[in-house]
Amino acid sequence: MTFALAVHSSKGGTGKTSIAVNLAAAYALDGKNVCLLDVDIRGPSLCSIFKPDTYFWINDMLSGDREIKDTIHDVSERFGTKGKFFVGYSNPDINQIRELARKDRSWQSNALKNIIKGKKELSGKNIDVIIFDTSPGVEYESINAVAASDIVLIVHNSSIACHNCTDQLIKGIYSPLNKQCAIVDNMCHPNVLGPSEEKRFGINVIAQIPCMCNVATRNNEILSLTDPDHVFSKAICSMKNKIEDFYM
Amino acid sequence: MSEKELLEEILENLQQMNEKLDSFIGKKETAPDQSKKGNIAESLDIMTLLSLPDHLRTTATTLFEIGPATAEEVSKVTLKERAVESNYLNQLVRMEHVEKYREGRKVYFRINEK
């Protein structure tokens with residue numbers, strides 16, 4: 001059975017993309033067939049990391065012009081993963097981003113249908129895990145991805161603003177959609193965070209990743225692949241195991 | 001006729017009555033409403049879906065997930081009575097979030113594509 005996971009946060013800059021990419025790589029290394037999808041169509045990131053040679057985009061799948069199979073790319077050979085590792089990219093062209101920002105509610109309604117259809121198609125292609133890398137806050141594309149997911153991985157930092165907005169997201173989005181959630185504290189500063197918690201807002205805190213400058217400076221690497229002994233890679237691996245144990 | 005057979009016959013008759021009622025309601029609801037003439041149907045996007053009451057949101061979310069379906073198919077997912085789901089689906093039809101159509105003897109519902 002295919003398991004879909006949305007990596008989301010209330011605020012930008014919490015490290016969603018790093019976590020989504022490394023988590024996808026960790027699942028693929030472990031032998032799972034994974035599909036990582038960039039649904040942050042207003043601020044795409046995966047193109048900068050994977051530098052793909054592609055003609056069709058996730059944008060085309062959302063608008064119903066292409067099936068999901070036409071928009072994803074197999075990178076398993078390039079990274080030597082045990083399981084299949086597919087990536088779907090959002091178009092970084094500013095004209096496309098502007099065009100999508102103008103779309104109306106009817107288009108967004110069809111985009112939700114297409115994302116659910118895409119999930120079913122990936123299930124038919126024996127994909128075990130789908131990971132949506134989303135934009136922060138309440139954007140249509142993100143909430144559509146949340147609605148299509150089985151679990152929401154909330155990436156949280158230690159600011160008061162992030163804390164308050166996450167509380168709002170849980171009450172106003174995740175709970176009404178009956179979504180299972182897990183919290184990841186990223187870029188933690190121990191002197192600010194205080195004692196580690198097992199639960200926050202009634203939700204399991206499954207990882208607390210310390211703030212490390214060399215995660216930022218090595219952002220051209222996928223650390224789970226290039227440096228599995230790094231503290232960040234180990235935290236990702238532990239997170240993966242907890243998701244498997246508690247939610248899958 | 002055994003008690004089990006009798007109950008099955010009653011159930012079948014009730015289902016036929018429900019389908020006929022659905023058909024009757026469908027005809028009434030598809031009749032043009034002059035007060036709404038010129039209005040554009042409300043698209044059921046995720047933000048609108050989130051603003052629906054809990055019971056209708058569950059029904060609409062299920063319809064998004066499984067695609068066009070009968071009230072019975074929706075009720076199998078939501079684990080509510082078929083008649084209850086039929087009522088919720090017809091409420092969504094009246095709100096113009098959902099379309100109702102007939103294929104043979106069955107009444108289907110789907111998210112409005114207008």
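**Close-up 1. The salt bridge across the interface of chain B and chain A.** In this predicted model, the rule finds 1 salt bridge across the interface of chain B and chain A. Side chains of opposite charge can pair when their charged atoms come close.

**Close-up 2. The side of chain B that touches chain A.** Two elements of chain B, α2 (46-50) and α3 (54-66), each give two or more residues to the side that touches chain A, and the largest share, 5 residues, comes from α2(B). Sorted by class, this side of chain B has 8 nonpolar, 3 polar and 6 charged residues. The contact as a whole takes 17 residues from chain B and 18 residues from chain A, and the area buried between the two chains is about 1500 Å², of which carbon and sulfur atoms give 61%.

**Close-up 3. The crossing of helices α7 and α8 in chain A.** The axes of helix α7 (residues 105-124) and helix α8 (residues 140-148) of chain A come within 9 Å and cross at roughly 35°, with α7(A) passing α8(A) in a right-handed crossing. On α7(A), the contact is made by A:R105, A:Q108, A:A111, A:L112, A:I115, A:I116 and A:K119, and on α8(A) by A:Y140, A:E141, A:N144, A:A145, A:A147 and A:A148. By class, this contact between the two helices has 8 nonpolar, 2 polar and 3 charged residues.

**Close-up 4. A salt bridge between two loops of chain A.** The structure holds 18 salt bridges over all chains, and one of them joins the side chains of A:E139 and A:R42, at 3.5 Å from N to O. Because A:E139 lies in the loop between β5 (129-133) and α8 of chain A, while A:R42 lies in the loop between β2 (34-38) and α2 (46-50) of chain A, the pair ties together parts that are 97 residues apart in sequence.

Definitions and conventions: Residues are numbered from 1 along each chain as its sequence is written. Chains are lettered from A and ligands numbered from 1 in the order in which they are written. This is a predicted model: local features need pLDDT of at least 70, side-chain atom pairs count only at pLDDT 80 or more; totals for chains, interfaces and linings use all residues. Side-chain values use heavy atoms; hydrogens and water are left out. Contact means heavy atoms within 4.5 Å. Buried area is the accessible area (1.4 Å probe) that two parts lose on being put together, summed over both. A salt bridge is a side-chain nitrogen of Lys or Arg within 4 Å of a carboxyl oxygen of Asp or Glu. Helices (H or I, at least four residues) and strands (E, at least two) are DSSP runs, numbered from the N terminus. Ala, Val, Leu, Ile, Met, Phe, Trp, Tyr, Cys and Pro count as nonpolar, Asp, Glu, Lys and Arg as charged, and the others, Gly among them, as polar. Axes are lines fitted to C-alpha atoms, for helices over the stretch in contact, and angles run from 0 to 180 degrees between N-to-C directions. A crossing is left-handed if the near helix is turned anticlockwise from the far one by less than a right angle, and right-handed if clockwise.
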